[in-house]
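Have a look at the sequence and the model first.

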Amino acid sequence: MSEAIYGLIGALGGAVLGGAATLTAPVFAGRHTRRQEQRVRREVEFERMMDLRRATRDVLLILDDGRQALYRGEPVDTSGLREAVMKMREAADRCEVYGLRFEHSRSSAETAGAREWTPGTEALRALAQWAWVTEECLGRAAAAEGESRRRHAQQAEGHYESAENARRQVLGVLMDRMEELREEMRAREPAREQ
């Protein structure tokens, strides 16, 4: 009889453990899935911000190549600037889903008079504006002679520095958020290993 009782207790214990595992396994699996989704989301956000960082660099590289060509007395070619600025704006738009908002026009329905522009938005707009002004001055300098050429080249140099400063401000916004993402990813690492 005691063997039957031990068998019954063993069967009941096994049923309780099996039932508990059946109930808790989805909870643990769901938690793991949510952590994985959060990690992937952070990685995608980080990569989109890197895309914007690269796009702003490409704008400055085109302008810098034009400056260098002007100083060497070679033809100034900034033909890729329009496409580079467009890619920069597209990269900024892809960051919006993560809360980094870069409006490109003061007439946007959602922003007209509704709120102050963020420093990142102001900086990105300034970068685009200084890029166009720099390109224009480089073109004038390349077409000019003597003192006029020197004056336009100096203006282009000043505008280029303003574009660089605007990019630094954009990068400041990006780097702050990218550092937050790195910290969040590092904080999740020990939790994932447990």
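## Ground rules

Before we get to individual residues, one term: two residues are in contact when heavy atoms of theirs lie within 4.5 Å. Also keep in mind that this is a predicted model.

## The overall layout

What does the secondary structure come to? It's four helices and zero strands, and reading from the N terminus the order is simply α-α-α-α. Of the 194 residues in the chain, 31% are buried.

As for the surface, the accessible area is about 12,000 Å², and carbon and sulfur atoms account for 54% of that. Now for the contacts: take those between residues at least 6 apart in sequence, and 67% of them join residues at least 24 apart.

The largest nonpolar core holds 33 residues, and Leu 52, Val 59, Met 88 and Leu 174 have the most contacts inside it. Which elements give two or more residues to this core? They are helix 1 (2-72), helix 2 (81-95), helix 3 (119-143) and helix 4 (146-193). There's also a second, separate core of six residues, with Leu 70, Cys 137, Ala 141 and Ala 153 among them. As background, nonpolar side chains in soluble globular proteins tend to be buried together.

Back to Leu 174 for a moment. Setting aside neighbours within four places in sequence, Leu 174 touches Met 49, Leu 52, Arg 53 and Leu 100.

## Helix 2 against helix 3

How do helix 2 and helix 3 sit relative to each other? Their axes come within 11 Å and cross at roughly 180°. Angles over 145 degrees count as roughly antiparallel, so that's the label this pair gets.

On the helix 2 side, the contact is made by Leu 81, Arg 82, Val 85, Met 88, Arg 89 and Ala 92. Helix 3 brings Leu 124, Leu 127, Ala 128, Ala 131, Trp 132 and Glu 135. Sorted by class, that's nine nonpolar, no polar and three charged residues. Met 88 turns up here as well as in the list of residues with the most contacts inside the largest core.

## A buried glutamate

Is Glu 45 buried or exposed? Its relative accessibility is 0%, and buried means under 20%, so Glu 45 counts as buried.

Which residues is Glu 45 in contact with, leaving aside its neighbours within four places in sequence? They are Tyr 98, Arg 177 and Leu 181.

Technical notes
Residues numbered from 1 in each chain as written. Predicted model: local features only at pLDDT ≥ 70, side-chain atom pairs only at ≥ 80, totals over all residues. Heavy atoms only, no water. Buried < 20%, exposed > 50% of the residue type's maximum accessible area, 1.4 Å probe, protein only. Areas by Shrake-Rupley, 256 points an atom, 1.4 Å probe, with all protein chains shown as cover. Core = buried A, V, L, I, M, F, W, Y, C linked by side-chain atoms within 4.5 Å. Axes fitted to C-alpha atoms, helices over the stretch in contact; angles between N-to-C directions. Parallel < 35°, antiparallel > 145°, perpendicular 65-115°, else oblique. Nonpolar A, V, L, I, M, F, W, Y, C, P; charged D, E, K, R; others polar.
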